[in-house]
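Q: Could you take a close look at the salt bridges here and walk me through where the paired side chains sit and how accessible they are?

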Amino acid sequence: MKTLQTTFFLFVFVPLVNSAPPIQQESLQFYEYDTDVTMGSLIQQDYEMQSKDLRKDGTNVSLDTSLRLQGDDSERNVPPTKDTNLPTCLLCVCLSGSVYCEEIDIEAVPPLPKETAYLYARFNKIKRIAVSDFADITTLRRIDFSGNRIEEIEDGAFSKLLLLEELSLAENRLIKLPVLPPKLTTFNANQNRIKSRGIKANAFKKLTNLAYLYLGHNALESVPLNLPESLRILHLQYNNITTITDDTFCKSNNTRYIRTRMDEIRMEGNPILLAKHVNAFSCLRTLPVGTYY
């Protein structure tokens, strides 16, 4: 008797699934530095939509939601800001080592994530910068505090920022300059209330990388002393400068000396006739911008 053998085939259908890419971040709109477009307001609106209080047994229970724009472990334990009680990276935008806290009306420097390299805190209500603000953040390379209300900067506030290259304190209420970190290439203190006595004699002497110095629209009575050889651009327009000497830019004891790197000096808007101080510019490749007659 022949045995009928039956072969059964089991077909297993496995759905094809494209391998998931790494965690994708939502696309963000970037903007160029020194433009008036800010992102702080967008983040605040997003927060308000997601942080409405839940009511439970008559008690407010806040949503434990974090609008994280970056999954950096260094940002997870950042304490709340001093004047809003919101985490810094919820109030501001934290992205790839940069922190954007612009036009959000903060009154103090917010606690920063570790390894922050760029801080943009323009157009707020910050009045004071303390030593503790940057005591643990030594990785900063650029800080922009333009358009605040800063009147006081504690001695040593920037002393630990050995990597800092660009610092803007423009459009504030300063009457004197702080001690500046040694590797600065750009320093902007335009539109403050700084007088000559508010700048120490050797304030810029050791800044051997300083190339751009902006001190326009202040109350200076004289050109700062001991300007470094590295300077390329010097803005002193609209101050109260009444005199300069042969040693202000040049060296009176060395007639062959040439300040080769200096490309531009602006002195318009000062009560000084530059034509009376011809020898003061003998080492320069181009004459300063200003009033001569």
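A: Let's begin with Arg142, which is buried, at a relative accessible area of 18%; the cut-off for that word is under 20%. Keep in mind that this is a predicted model. The salt-bridge partner of Arg142 is Glu166, and their closest N and O atoms are 3.0 Å apart. Arg142 belongs to strand β7 (residues 142-144) and Glu166 to strand β9 (residues 166-168), so this pair links distant parts of the chain, 24 residues apart. Glu166 itself is partly exposed, with 24% relative accessible area.

Next comes Arg285, whose side chain meets that of Asp263 in a salt bridge at 2.7 Å, N to O. Asp263 lies in the loop between β12 (233-235) and β13 (264-266), while Arg285 is in the segment after β13, so the contact ties together parts 22 residues apart in sequence. Arg285 counts as exposed, at 54% relative accessibility, whereas Asp263 is partly exposed at 34%.

Shared partners also matter for this tour: salt bridges join Arg128, Glu152 and Glu154 into one network. Arg128 is in strand β6 (residues 128-129) and Glu152 in strand β8 (residues 152-153), 24 residues apart, and the pair links distant parts of the chain. Both ends are partly exposed: Arg128 has 38% relative accessibility, and Glu152 has a relative accessible area of 41%.

Note on methods: Residues are numbered from 1 along each chain as its sequence is written. This is a predicted model: local features need pLDDT of at least 70, side-chain atom pairs count only at pLDDT 80 or more; totals for chains, interfaces and linings use all residues. Side-chain values use heavy atoms; hydrogens and water are left out. Helices (H or I, at least four residues) and strands (E, at least two) are DSSP runs, numbered from the N terminus. Buried means under 20% relative accessible area, exposed over 50%, partly exposed in between (1.4 Å probe, protein chains only). A salt bridge is a side-chain nitrogen of Lys or Arg within 4 Å of a carboxyl oxygen of Asp or Glu.
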